[in-house]
Amino acid sequence: MKSHYDLIAIGAGSAGLGVAIAMKRLGFDVLLIDRKDQRIGGDCLNDGCVPSKALIHVSRMIHNARRSQPFGWKMEGATDLAAVMQYVHERIEIIRAHENATYLRDSEKLDVELGTARFVGKQQIEIGGRVTSAKNIVLCTGSKPQQLNVAGIDQVKVYTNENIFTLDELPERLLIIGAGPIGMEMGQAFQRMGSQVTVVGAEDRILSKELPEVSTLLQKRLAEEGIDFRLNRKVKAFRDANTAEVAPENGETEQIPFDVLLVAIGRTFNFDDLNLTAAGIELDDKGRIKLNDYLQTTNEHVFAAGDAAAGAPAGQRYFSHAAELHVSTLVSNLITPSRVLDKKLTYDNFSWVTFTDPEVATFGLLEEDLRKRNIRYERVDYDFAHDDRAVIEDYEYAKMILFTEPTGLNPFSTKILGGTIIAPNAGELAQELILAIQQKLTAGDFFNKIYPYPTASRVNKSVWIDHISDNLPGVVRKAVKWLY
Ligand SMILES: Cc1cc2nc3c(=O)[nH]c(=O)nc-3n(C[C@H](O)[C@H](O)[C@H](O)COP(=O)(O)OP(=O)(O)OC[C@H]3O[C@@H](n4cnc5c(N)ncnc54)[C@H](O)[C@@H]3O)c2cc1C
Ligand SMILES: NC(=O)c1ccc[n+]([C@@H]2O[C@H](COP(=O)([O-])OP(=O)(O)OC[C@H]3O[C@@H](n4cnc5c(N)ncnc54)[C@H](O)[C@@H]3O)[C@@H](O)[C@H]2O)c1
């Protein structure tokens, strides 16, 4: 480790790896720090995106195998969770081959230190008893699961995303607290593998960041697969190691027996070890780092990225690709010679996907953003009932909701502002729409594109064919007829 660097990144998850590699490749002297080699890759690789999506992949195969029975396949069996987890961990190790200290030192020429970092000055970091400094430091220390603090919890073996992928026996009864993306993705995966899943959610609907009709449709599909929902309820206490006492605000308490408890009730931060006060870095009243629009902390030499940047004025987004957006904003600002040219963080072109089946993809401006900003918009609802691919593959229930500019005299010039798709592979279907928002493409651009039949993404044209047909001004129809 050198005594001084151009930049130090603390934490080697999506944010830390991104900023360190980008700055190094641009020619700067960079130090990357994480607690230990097995943590490099952060939550995403070790106990977030990668293991969860691998588990979802396996559970979908099991579900599809079961669904083939009406077509003559006779299958029986039970999930061997140890074998499933072996697959999950093999996938992690494949990615770890290029996300580890040796690889980063040898191939990316980064300085990598393993240990817990703490501030000992405004630009000074101590790690393993040694001190180094940097012109700029980026806090990429991520987040951790929020704990459930209720009476009797100490008797229970609590699982979170940090240890659920170590299970090697399928629980008969899995109780999940929290109906957010972790609860829904893991709940469906375990239900499909053969557990009886019960979900307790504090709000009146699942995935409360989505449009209400999307939550309702997804909940219906998950309930049809057998998940038992107890919404508008909280765990009040644990009677013993396998019984939760659950109740609505002013209602009767119900006992829910379980074999395994998964808690997924949101995130908190990893700031305790950092000694932030030594660097003059302040937290807000929610325990988030105070940041300006440029991801800068109250110490002008220290910035935050990834889950650690939840205190940004633009809002909090706990996603790997949010870390990617923070990194590109930061790197571009760090190498820009004049502060006047600095880019503010904005989520206007952001998107996310919840990898349930059906998937939920949400992109661009949310309806609440449009209302808050007094932006005039129209809502376009598209039902997949008459989409040939949806009929062929049995997902006529799917929906697309777009928020568009108000249709003017020329409906072909309408642009998308945001929207949501709930459908199998919605995350892939939405990609074209996300690009359209970013590049300001119009309804006419989709209308004029010829999509191979019967690709699923033809819906991105069908929605406009319907919309344009419904909104073509009478004068245009008359003119066309007159010219005919
Ligand atoms: C179950 C689950 C599924 C998810 N699925 C998705 C998904 O499908 N798509 C998606 O986009 N996002 C997903 N996410 C969110 C995504 O994982 C996170 O947003 C992302 O990992 C955040 O990256 P980060 O770099 O900010 O933090 P992290 O990945 O948490 O990395 C932080 C690193 O900092 C290190 N660190 C902390 N403190 C110190 C210190 N003092 N000294 C040294 N090192 C330190 C930690 O060891 C850790 O490695 C999921 C999350 C979970 C929990
Ligand atoms: N596909 C993806 O991109 C993906 C997948 C999983 C997680 N993530 C990220 O990880 C983050 C964390 O996920 P999460 O699901 O833990 O958090 P979340 O904050 O999104 O959802 C937690 C849910 O738990 C509920 N809750 C809180 N306290 C409760 C209590 N005591 N009893 C019952 N319910 C309670 C909340 O009302 C909320 O609906 C997400 O915000 C998301 O950004 C992303």
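Modeller: Helices here are DSSP runs of H or I with at least four residues, strands are runs of E with at least two, and both are numbered from the N terminus. Keep in mind that this is a predicted model.

Start with the ligand. There are 38 residues around ligand 1. Those that come nearest are Gly11, Gly13, Gly42, Gly142 and Gly306. Two or more residues of the shell come from each of α1 (14-25), β2 (30-34), α2 (42-47), α3 (49-67) and α8 (320-334). Sorted by class, the shell holds 16 polar, 15 nonpolar and 7 charged residues.

Now take one of those elements, α3. It has 19 residues. From first C-alpha to last, α3 reaches 26 Å, close to the expected 27 Å. Its buried residues are Val50, Pro51, Ser52, Ala54, Leu55 and Ser59. An α-helix has 3.6 residues a turn, so residues three or four places apart point the same way. The cover over the buried residues of α3 includes α2, α4 (81-96) and α6 (181-193). Note α2: that helix also gives residues to the ligand shell.

An unreviewed UniProt entry annotates residues 5-313 as "domain: FAD/NAD(P)-binding". That stretch is 28% helix and 25% strand, with its end C-alpha atoms 29 Å apart. UniProt also lists residues 352-458, again in an unreviewed entry, as "domain: Pyridine nucleotide-disulphide oxidoreductase dimerisation". Residues 352-458 are 29% helix and 27% strand, and their end C-alpha atoms lie 21 Å apart.

Methods. Residues numbered from 1 in each chain as written. Chains lettered and ligands numbered in written order. Predicted model: local features only at pLDDT ≥ 70, side-chain atom pairs only at ≥ 80, totals over all residues. Near = placed C-beta within 6 Å. Nonpolar A, V, L, I, M, F, W, Y, C, P; charged D, E, K, R; others polar. UniProt positions renumbered as here; feature names shortened; annotations may be inferred. Expected span 1.5 Å × (residues − 1). Buried ≥ 20, exposed ≤ 12 C-beta atoms within 10 Å, placed from the backbone. Contact = placed C-beta atoms within 7 Å.
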